[in-house]
Amino acid sequence: MFIELEPIFNNIGEKLDFDYELDLSDIDLYTYYPFAQPVRVKGSVFNKAGVVQLRADTIFTYSAPCDRCARHTTKDLSIPVDHVLVTSLNDEENDELILVESLRFNLDELVTEDILLGLPTRHLCKEDCKGVCQYCGKNLNDDSCNCSAPLDPRLAALQQLLSNNDE
Ligand SMILES: [Zn+2]
Ligand SMILES: [Zn+2]
């Protein structure tokens, strides 16, 4: 969605509300498509005392394999979008400031970037997910297995040596 920022920048107190659905279903993160349902974007852009702010909430269902056990897991997430829009930048470093290149502003681009940067770094099916056995591949949330770690090959060689000495 494009929003016209000119009236907002030109009029103190001006406000524009938006509430729409953004389709991110073609975003591919390492071979899965986590945004099967449209993302709801609800917020406003407003001029408060000459400062133009953009605030929104994004609400969506995120669906991806669990980082530990790879089981497909769906979660409802909400990521805030909060920026000050400026038409020129001094040399200050501030991630919150967004330099607007055109007053016909591409909101989707900014929202998409904020969502991708705001995704949780860990996606687990549950906080205490036990993962999979590294030897037999069984999902340890379902059942335990009888695997034990194979002996360190150096220790195995030592054990062999010791048992040879016994003979
Ligand atoms: Zn898991
Ligand atoms: Zn196992």
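**A zinc site and a neighbouring histidine**

Hi everyone, let's start with the metal: the four donor atoms around the zinc ion (ligand 1) subtend angles of 105 to 113°, so the arrangement is tetrahedral. Please keep in mind that this is a predicted model.

Which residues supply those donors? They are Cys-66, Cys-69, Cys-125 and Cys-129, each through its SG atom, and they lie 2.3 to 2.4 Å from the zinc ion. Along the sequence, the donor residues follow the spacing C-x2-C-x55-C-x3-C. Now look at where two of them sit: Cys-69 is in the loop between strand S4 (51-65) and strand S5 (72-86), while Cys-125 is in the loop between helix H2 (107-118) and helix H3 (153-166), so this pair ties together parts that are 56 residues apart in sequence.

Are these two cysteines buried or exposed? Cys-69 has 8% relative accessibility, so it counts as buried. Cys-125 has 28%, so it counts as partly exposed.

Next, please find His-123, which lies in the loop between H2 and H3. His-123 counts as buried because its relative accessibility is 6%. What does His-123 touch, leaving aside residues up to four places away in sequence? The list is Tyr-62, Ala-64, Pro-65, Cys-66, Asp-67, Thr-73 and Lys-75. One of these, Cys-66, is also a donor of the zinc ion. For Ala-64 there is a further detail: its backbone oxygen lies 3.2 Å from a polar atom of the His-123 side chain.

To recap, we have a tetrahedral zinc site with four cysteine donors, and a buried His-123 that touches one of those donors, Cys-66.

Notes: Residues are numbered from 1 along each chain as its sequence is written. Chains are lettered from A and ligands numbered from 1 in the order in which they are written. This is a predicted model: local features need pLDDT of at least 70, side-chain atom pairs count only at pLDDT 80 or more; totals for chains, interfaces and linings use all residues. Side-chain values use heavy atoms; hydrogens and water are left out. Donors are N, O and S atoms within 2.8 Å of the metal (3.2 Å for Na, K and Ca); water is not among the atoms, so sites may look incomplete. Four donors count as tetrahedral if all angles lie between 85 and 135 degrees; four count as square planar and six as octahedral if opposite donors are over 155 degrees apart and all others between 65 and 115; anything else is irregular. Helices (H or I, at least four residues) and strands (E, at least two) are DSSP runs, numbered from the N terminus. Buried means under 20% relative accessible area, exposed over 50%, partly exposed in between (1.4 Å probe, protein chains only). A polar contact is a pair of N or O atoms within 3.5 Å; within protein, one must be able to donate a hydrogen and the other to accept it, and residues adjacent in sequence count only if both atoms are side-chain atoms. Contact means heavy atoms within 4.5 Å.
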